[in-house]
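Subject: A structure for you to look at

Hello,

Here is the structure I promised to pass on. Please open it and keep it beside you while you read the notes below.

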Amino acid sequence: MMPEDRYSDRYTDSRDEAHWGLPDPDHQPAFYDMVATKRALAFVVDFILIVIIAALIVPFTAFTGIFFFPFLVAVVSFAYRVITIANGSATWGMRLMGIEFRDRNGARFDLGMAVLHTLLFTVWCSTGILQVVSVVLMATTARGQGLSDLVLGSAAINRPSSY
């Protein structure tokens, strides 16, 4: 038996997948433990922060922001998510929950990935049914990936202790 053959059964799954740089959920399950629940809690924290930020902006619009508040929240949400994800690979809610995004190579998100992920997230939220599909995927896939993650090859993981 060749040395490569000895390991092929153990590592075939992770090498054949498009997400070869992400931790393998079968061999390193701690990276994905409770991530779907933490993402849900982080979403709530982020939503509360976004609404507070939008409410603080309203007086600077001569209070006309009240009339288009949902749009204002959407704009603030997009900016908030892009800025926080680009600067730490996680929103503030995600950081509070101890999770962060990684791309298919296992690297933290840069500005480009933050924009793409946020853009897809915004599209899914605006359609409703696609956001439901995304949540179902987060709860059922091995890596807890939502629809945006599957499209981009990314995943949210528990933050490694070295960070």
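A residue is called buried when its relative accessible area is under 20%, exposed when it is over 50%, and partly exposed in between. At 49% relative accessibility, Met 34 is therefore partly exposed. Please bear in mind that this is a predicted model.

Let me stay with Met 34 for a moment. You will find Met 34 in the loop between helix H1 (3–16) and H2. Its phi is positive, about 65°, although the residue is not a glycine. Phe 63 is another non-glycine residue with a positive phi, here near 65°, and Phe 63 sits in the loop between H2 and H3.

Now for the overall picture. The protein has 7 helices and 2 strands, and from the N terminus on the elements run α-α-α-α-β-α-α-α-β. The chain has 163 residues, of which 39% count as buried. The accessible surface comes to about 9300 Å², and 69% of that belongs to carbon and sulfur atoms. If you take the contacts with a separation of 6 or more, 63% of them are between residues 24 or more positions apart.

Next, the charged pairs. Side chains of opposite charge can pair when their charged atoms come close. How many salt bridges does the structure hold? There are 3.

One of them joins Asp 149 and Arg 39, with the closest N and O atoms 2.7 Å apart. Asp 149 belongs to helix H7 (residues 147–152) and Arg 39 to helix H2 (residues 35–57), so this pair ties together parts that are 110 residues apart in sequence. Are these two partners buried or exposed? Asp 149 is buried, with a relative accessible area of 0%, and Arg 39 also counts as buried, at 12%.

Glu 100 takes part in a salt bridge with Arg 102, at 2.5 Å from N to O. Glu 100 also forms a salt bridge with Arg 108, where the closest N and O atoms are 3.0 Å apart. Glu 100 is buried, with a relative accessible area of 0%, and Arg 102 is buried at 8%. Arg 108, at 35%, counts as partly exposed.

Then have a look at how two of the helices pack. Two packed helices are described by the angle between their axes and the distance between the axes. For helix H3 (residues 69–88) and helix H5 (residues 111–127), the angle is about 145° and the axes are 8 Å apart. The crossing of H3 and H5 is right-handed. On the H3 side, the contact is made by Phe 78, Arg 81, Val 82, Ile 85 and Ala 86. The H5 residues in this contact include Leu 111, Ala 114, Val 115 and Thr 118.

Which residues make the nonpolar surface patch of about 570 Å²? They are Phe 43, Val 44, Phe 47, Ile 48, Ile 52 and Leu 56. Ile 48, one of these residues, is in helix H2 and counts as partly exposed, at 46% relative accessibility.

Technical notes:
Residues are numbered from 1 along each chain as its sequence is written. This is a predicted model: local features need pLDDT of at least 70, side-chain atom pairs count only at pLDDT 80 or more; totals for chains, interfaces and linings use all residues. Side-chain values use heavy atoms; hydrogens and water are left out. A salt bridge is a side-chain nitrogen of Lys or Arg within 4 Å of a carboxyl oxygen of Asp or Glu. Helices (H or I, at least four residues) and strands (E, at least two) are DSSP runs, numbered from the N terminus. Buried means under 20% relative accessible area, exposed over 50%, partly exposed in between (1.4 Å probe, protein chains only). Patches are made of residues with over 30% relative accessible area and no salt bridge: like charges are joined within 9 Å, nonpolar side chains (Val, Leu, Ile, Met, Phe, Trp, Tyr) within 5 Å. Accessible areas come from the Shrake-Rupley method with a 1.4 Å probe; for residues, only the protein chains shown count as cover. Axes are lines fitted to C-alpha atoms, for helices over the stretch in contact, and angles run from 0 to 180 degrees between N-to-C directions. A crossing is left-handed if the near helix is turned anticlockwise from the far one by less than a right angle, and right-handed if clockwise. Contact means heavy atoms within 4.5 Å.
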